[in-house]
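Look over the sequence and the fold, then read on.

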Amino acid sequence: MKFIHLSDLHILARNDVSRLPDAAATLRKVIDEVNTYHNDAEICIITGDITHRGTPEQYENAVDILSDLAIPYLIIPGNHDIREAFCDAFPTTETDTHGFVNFGQTFNGVRFVMMDSVVPGHHHGTLCAQRLDWLRDELTAHRDTPTFLFMHHPPMAMGLPFMDTIRLGAEDALGEIVSSNQQIKHLFFGHLHRPATGSWLGVPFVLANSTQSGEPLDFRHEKEEELQDPNPLGPGYGIAFADAKGGLRYHFNFVKFDMQL
Ligand SMILES: [Fe+2]
């Protein structure tokens with residue numbers, strides 16, 4: 001089963017090019033590639049930061065650009081989104097009984113669990129008691145189904161001081177759930193804007209590219225304004241294959257884009 005992974009779109013309002021590279025142009029380029037080379041994928045998973053500031057105008061533009069995708073998509077919010085405006089923009093996206101964007105769907109025998117890690121008004125994330133309970137219930141209901149877990153914020157420190165300060169809280173509570181549910185075969189996050197992999201508590205994870213641009217790969221500075229990167233990273237996305245036992249092959253791909261535009 002083939003799927004596409006997009007993350008950190010950071011779309012602005014139509015014709016707003018106040019941040020470069022132009023996130024609408026890079027996303028269009030990614031979508032063109034997906035439509036040309038990967039329209040056989042079953043689903044596109046989008047792990048948050050759909051817009052840059054969560055305004056209705058930004059969502060309107062994002063919805064419009066995403067309507068060009070030739071394959072269906074599942075979407076969750078990130079720290080740059082505003083949940084209410086997000087839900088208004090994507091009304092068919094499921095929410096749980098508390099209004100969090102938490103839902104699961106099964107593809108070729110693998111359960112894709114999508115979670116809302118947003119803390120309104122903050123850049124770090126969390127899974128509050130209600131969301132942790134939802135996840136426990138979801139996993140209990142599908143105990144024998146290999147599961148992929150998707151959310152915007154990674155719980156683990158990656159050695160990047162700035163990003164590490166705004167990762168997911170609730171690290172211990174999520175860790176306990178991951179450790180006690182052996183059906184969780186892979187974890188997927190956005191937020192870092194960098195292709196990275198590793199394992200956490202014995203479970204492998206992927207951190208996705210941003211469809212706009214990479215965050216600086218700066219292992220020294222904690223303040224965002226001090227970050228340096230001698231090798232700025234352009235826009236990209238992931239192409240993934242899942243087998244029915246929850247095994248994963250994942251390709252980080254980059255699109256050619258003139259970063260001066
Ligand atoms: Fe982001």
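## Basis and annotation

UniProt positions are given in the numbering used here, feature names are shortened, and annotations may be inferred rather than shown by experiment. UniProt lists residues 1-195 for "domain: Calcineurin-like phosphoesterase", in an unreviewed entry. Over residues 1-195 the chain is 31% helix and 18% strand. The end C-alpha atoms of this stretch are 21 Å apart. Helices (H or I, at least four residues) and strands (E, at least two) are DSSP runs, numbered from the N terminus.

This is a predicted model: local features need pLDDT of at least 70, side-chain atom pairs count only at pLDDT 80 or more, and totals for chains, interfaces and linings use all residues. Residues are numbered from 1 along each chain as its sequence is written, and side-chain values use heavy atoms, with hydrogens and water left out.

## Aromatic rings

The structure holds 16 aromatic pairs. Rings of Phe, Tyr and Trp (its six-membered ring) pair if their centres lie within 6.5 Å; planes under 30 degrees apart count as stacked, over 60 as edge-to-face and the rest as tilted. Phe107 and Phe112 form an edge-to-face pair, with 4.9 Å centre to centre and 70° between the planes.

Phe107 counts as buried because its relative accessibility is 7%. Phe112 is buried too, at 0%. Buried means under 20% relative accessible area, exposed over 50%, partly exposed in between (1.4 Å probe, protein chains only). Both residues belong to one aromatic cluster, along with Phe3, Phe148, Phe150, Phe188, Tyr250 and Phe252.

## Second largest pocket

The second largest pocket has a volume of about 150 Å³. A pocket is an open set of points on a 1 Å grid over the protein atoms alone, where a 1.4 Å probe fits, with protein on both sides within 12 Å along at least five of seven lines; lining residues have an atom within 4 Å of a point. Grid points are joined across faces, edges and corners, and a volume is the space filled by probe spheres set on the points.

Among the lining residues are Tyr73, Phe90, Glu94 and Gln105. Strands E3 (73-76) and E4 (103-107) each supply at least two lining residues. E3 gives the largest share, three residues.

## Isoleucine 76

Ile76 sits in strand E3. Ile76 is buried, at 0% relative accessibility. Leaving aside neighbours within four places in sequence, its contacts (heavy atoms within 4.5 Å) include Ile46, Phe103, Met114 and Phe150.
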